[in-house]
Amino acid sequence: MPDKFRAVLAAMLLVLLIVQLCECVKEFPYKRYTYRKKRDDKRYKSARQRCEMEAECQGLWSVKHTKCIRMCMSEFCYNELYGDDELEEGEIDVRLNSFKGCLSQVKIEDF
């Protein structure tokens, strides 16, 4: 009987711990821009290719490379979406579509 009691108690404590952890997680608010795949993908890909060719970003890897490319594409959009909370290694980039949407809204001469 004591083993069953311990198992139930341990399971309840585990559930409580998981609930506590879930309540601690907060989503970082960021400005959202509308992204339309067909229209905005061409502009995004063209700007990305242009920036990948620049010497400034070559030789960088991982998050540093991504930051360099996006800063090159649009410093305004980068700062708008990543300025207060930069992308971290291993983070899933949920702001990418907003970045693409921002790119579609900046003036052509800023591009």
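Which residues form a nonpolar patch on the surface? They're Phe-5, Leu-9, Leu-13 and Leu-16, with about 430 Å² of accessible area together. (Patches are made of residues with over 30% relative accessible area and no salt bridge, with nonpolar side chains joined within 5 Å and like charges within 9 Å; areas come from the Shrake-Rupley method with a 1.4 Å probe.) Keep in mind that this is a predicted model, where local features need pLDDT of at least 70 and side-chain atom pairs count only at pLDDT 80 or more. Residues are numbered from 1 along each chain, and side-chain values use heavy atoms.

Zoom in on Leu-16, which sits in helix H1 (residues 2-24); helices here are DSSP runs (H or I) of at least four residues. Leu-16 counts as exposed because its relative accessibility is 55%, where exposed means over 50%, buried under 20% and partly exposed in between.

Now for the charges. Side chains of opposite charge can pair when their charged atoms come close. A salt bridge needs a side-chain nitrogen of Lys or Arg within 4 Å of a carboxyl oxygen of Asp or Glu, and the count comes to 8. One of them joins Asp-41 and Lys-100 at 3.7 Å, N to O. Asp-41 is in helix H2 (residues 37-53) and Lys-100 in helix H5 (residues 96-105), so this pair ties together parts 59 residues apart in sequence. Asp-41 is buried at 10%, and Lys-100 is buried at 12%.

Another salt bridge pairs Glu-86 with Lys-67, their closest N and O atoms being 3.1 Å apart.

Technical notes. Helices (H or I, at least four residues) and strands (E, at least two) are DSSP runs, numbered from the N terminus. Buried means under 20% relative accessible area, exposed over 50%, partly exposed in between (1.4 Å probe, protein chains only).
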